Amino acid sequence: CHWCKCVGCYFCVDFEPVSPPPPSPPPAITSQPFLAVLADFKAEQYTWLKDAPIPFMVVDKSRIPNTGLDASTYLWFILTYYNKLPAWILFSHAHEFHWHHSLHSLFQSMLMDMDATGLGFLNINHDDNGRFLIYEKDTLPQLSWEEHEMLRKRLLGLKTPYNGIVEHPPGSQFWVRRERILRHPRAFYDRLYKAITDPRHPLLSRPATIQGYPDRQSHDFFMEGYWHYIMGEAEVYSLPYKRYGMVPSRTIEWQ
């Protein structure tokens, strides 16, 4: 449709979430140095995106199993475009502002100069004062430590003992460099996707009642705690910047 400057979302590209992926993704995807992948439901309003400063794709969550919330969207995108990823991808929710991105517009995050940072991964979530967020907590209190450790080993290949605390950036919105994604084979993400979209998973299907979300299962909370590790950061995450305003920015002009 081109009204929203996108490069092919579910309004234009009728892909089904399958594995292996469709054979011919939109060619515009492969030529983008920066791309924002936005997870949301088709019923949401996207008119605010007409001012987006970089190309983006809105992934219609009504077509993808929602047990993993944003995690199933991100994994679907990685599986679908694994061999044709842009140089940089911003995985985010389809909100310009939200509680974990409250002071600065998502457009400002789209314009972060990731090459200038020298990083391969950066979580963009911050508080009302512009401080980057980091949590230190048990992300799956409804599981025993032994069960949590089993998930780490089987899904992530993480062999260090689980001590009850995951130090991680919350909110699951982040920039990541293509090479960080490709450090894992496609089969790694396929295994994760199948677990995250399994509503009967023996561990991840447990309700997140303790976290205050009795209507949700545990899939997304598990992924939220480990996106940084999956994308090549140390198991114990350290903030590269304390404040949002410290991140260099760039200017993009649409052609």
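**A friendly note on this predicted model**

1. Let us start with helix 7, where His219, Asp220, Phe221, Phe222, Met223, Glu224, Gly225, Tyr226, Trp227, His228 and Ile230 are buried. Here buried means under 20% relative accessible area, with exposed over 50% and partly exposed in between (1.4 Å probe, protein chains only). Helices (H or I, at least four residues) and strands (E, at least two) are DSSP runs, numbered from the N terminus. With 11 of its 12 residues buried, helix 7 is largely enclosed by the rest of the structure. After this helix comes Gly232, with a positive phi near 95°.

2. A word on the ground rules. This is a predicted model, in which local features need pLDDT of at least 70 and side-chain atom pairs count only at pLDDT 80 or more, while totals for chains, interfaces and linings use all residues. Residues are numbered from 1 along each chain as its sequence is written, and side-chain values use heavy atoms, with hydrogens and water left out.

3. Now the overall picture. The chain has 7 helices and 7 strands, and along the sequence they follow the pattern β-β-α-β-α-α-β-β-α-β-β-α-α-α. Of the 255 residues, 54% are buried. Among contacts (heavy atoms within 4.5 Å) with a separation of 6 or more, 72% join residues 24 or more positions apart. The chain exposes about 11,300 Å², and carbon and sulfur atoms supply 54% of that area; accessible areas come from the Shrake-Rupley method with a 1.4 Å probe, and for residues only the protein chains shown count as cover.

4. Five strands form an open sheet in the order 2-1-3-7-4, with mixed pairing. Strand 2 (56-60) and strand 4 (121-123) stand at the edges with a single partner strand each, so one side of each is left without a neighbour in the sheet. On average, neighbouring strands of this sheet are turned by 20° against each other, direction ignored. Two strands count as paired if DSSP finds at least two bridges between them.

5. Strand 1 pairs with strand 2 in the parallel sense over 5 bridges, and Asp40 has Asp60 of strand 2 as its bridge partner.

6. What is the sense of the pairing between strand 1 and strand 3? Strand 1 (residues 34-40) and strand 3 (residues 88-93) pair in the parallel sense, over 6 bridges. Phe34 stands opposite Trp88, Leu38 opposite Ser92, and Ala39 has His93 as its bridge partner.

7. Strand 3 is mostly covered, with 6 of its 6 residues buried.

8. Helix 1 (residues 70-80) lies across strand 1, strand 2, strand 3 and strand 7 (174-177), running at about 155° to strand 3; axes are lines fitted to C-alpha atoms, for helices over the stretch in contact, and angles run from 0 to 180 degrees between N-to-C directions. In helix 6 (residues 186-196), 8 of the 11 residues are buried, so this helix is largely enclosed by the rest of the structure. Those buried residues include Phe188, Tyr189, Leu192 and Tyr193, and they pack against helix 1, helix 4 (145-156), helix 5 (178-182) and helix 7.

9. Finally, the largest pocket. On a 1 Å grid over the protein atoms alone, a pocket is an open set of points with protein on both sides within 12 Å along at least five of seven lines, and lining residues have an atom within 4 Å of a point. Its volume, the space filled by probe spheres set on grid points joined across faces, edges and corners, is about 610 Å³. Which residues lie nearest its centre? They are Leu69, Asp70, His93, Arg216 and Asp220, out of 22 lining residues. Strand 1, strand 5 (135-137) and helix 7 (219-230) each supply at least two residues of the lining, and the largest share, 3 residues, comes from helix 7.

Conventions: 1 Å grid on protein atoms, 1.4 Å probe; cavity = no way out; pocket = protein on both sides within 12 Å on 5 of 7 lines; lining within 4 Å.
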